[in-house]
Amino acid sequence: MKLKELSDGMTEDLKLMVKSSEEKQTVKQSPYVIAEMTDGDSVAQIKFWGIDKSFFDERFPVGCVMNVPVNCKTYKDTLTYSACNGYGLLHEEEYDIHDFLILPPVDPEDIYKKCLDIISSMNDQHAMSKKLLSCIYSERKYKEQLLIWSGAKSLHHNLRGGLIWHMYRMAELALLLPYRDICMNADKYEHFMQKAYAKYPHDAQPTADFIAGHSRISATEEQLKEYIGNLNPENPYIKQLNRFQGTWPDTAKTLIACRIAEAVAKVYPTLDPCLMIAGILILSMDLDAAPESRDIYSSGVLIGERMTKSNLISHDETEEEKCLQSIIMSADIGSSLSLHEKNLPEAFVLSQIWKMADYSCADKQMLAAGCLIHDIGKLQELTTDLFGCADYTVPGSLFGHTLLGIHMVSRIIQELEIPGEIGDMYLHMIASHHGRTEWGALAEPAFPEAAIIHCLDMIDSRMYTYEKTTQQLEVGNLSETIWGLGAKVYRAK
């Protein structure tokens, strides 16, 4: 019996490995422990009532395997798990520890080889980038750690090999993006930055509008309509487009966003590309007689008009209408502001896609390389044991992975004598990958590739949480509010 086989009302004895523990208190201030445990296939939070963390950790340390009678109950449409009396520690001869290792869907060794393939495919114009990445991913440097390291202690990709899986999926998507590929060499970078700072001498960073404006191409409304005409007219989401009448004020951005949605769905097959495309086309549209003002209030009015004009709100709505309604209400696109939490992963991803659609050309090899090193500082921020359980190091707690990553890569840049401008670009992508200083970035993105990496990081980290949550939900149900998403997650039919 496995965790995923439990349903409401069942109680079964399970062999589970302890990954972490946390103490909580009931309403009556009685302690209990929530232990994150795995059966090798999935992870669940198991409640141990009436004990505190010190009692639990002394008897059941991280990495031990227990026999636990687990009771499964549904609470607010989500399966919850509690330990019943009779749990205890198993002896080593009673289990095979390899049965409890949770790995990415692709073996970390294979992911590592795919990363090497990306690095080896870099052309001569990126010889310095290839040199830098080859060193970082070499056996002499960090290969051994990359095959094991977790991506976090408790949030996204917190499993054995999670870090390299996270960086690879970002790089994989970067190479699929529908951008016109350019080479952002040192001369172009220096010229770009000189123009940016000349235009905005009083700003600490060039503005996003300036960055986007220097990497855009045009597209006519006829081209956009041709794209729409090639979509499957029988798809239930594409059919909904007939309910809306209007024009697109930014046809180039809308078309690029639709193509980015197609690329994203190739890397994350649980996403519905047609739902995302329909959302983009509707939310980026100027409705006939739409209000000219675009403040928060009129955005709400505009969304309301979209919903009522199209008769999308009804008591007998279909599953497709329900999902599209959720997208329209929650995705941050065009003149629309989010008026509801993002219950569907497509809504969150659309908000990032719309930001990436500011750019129509980028150095995709540099972009992929930046993805492969942006979180490299986690190798020093975290410790990771053979089971993928992670904890913070002292330097990790003091400085964080961004600063540690800059120090690591800076030393390698000096060791390999990589030119300053190229080295600066990679250091900046590490420094800015959190997007804003209030989110932990040391600098805000100053060129397109850096801005795109932030969006890719947001997509992959949140998709991990959405995927993990929906796996534990029954179809048609909502989860509890998920910390890190700030939303309840809906599993669509």
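In strand β5, Thr78, Thr80 and Ser82 point one way, Leu79, Tyr81 and Ala83 point the other way, and all of them are buried. Buried means under 20% relative accessible area, exposed means over 50%, and partly exposed lies in between, with a 1.4 Å probe and protein chains only. In a regular strand the side chains alternate between the two faces of the sheet.

Before going on, a note on the source: this is a predicted model, where local features need pLDDT of at least 70, side-chain atom pairs count only at pLDDT 80 or more, and totals for chains, interfaces and linings use all residues. Residues are numbered from 1 along each chain as its sequence is written, and side-chain values use heavy atoms, leaving out hydrogens and water.

Why is β5 largely enclosed by the rest of the structure? Because 6 of the 6 residues in this strand, residues 78–83, are buried. Strands here are DSSP runs of E with at least two residues, and helices are runs of H or I with at least four, numbered from the N terminus.

Now the neighbours. Strand β4, residues 65–75, runs antiparallel to β5 and is joined to it by 6 bridges; Lys73 has Thr80 as its bridge partner in β5. Strand β3, residues 43–49, pairs with β5 in the parallel sense over 2 bridges, and Ile46 has Tyr81 as its partner there. Two strands pair if DSSP finds at least two bridges between them.

Finally, the whole protein. The protein has 19 helices and 14 strands, and 54% of its 493 residues count as buried.
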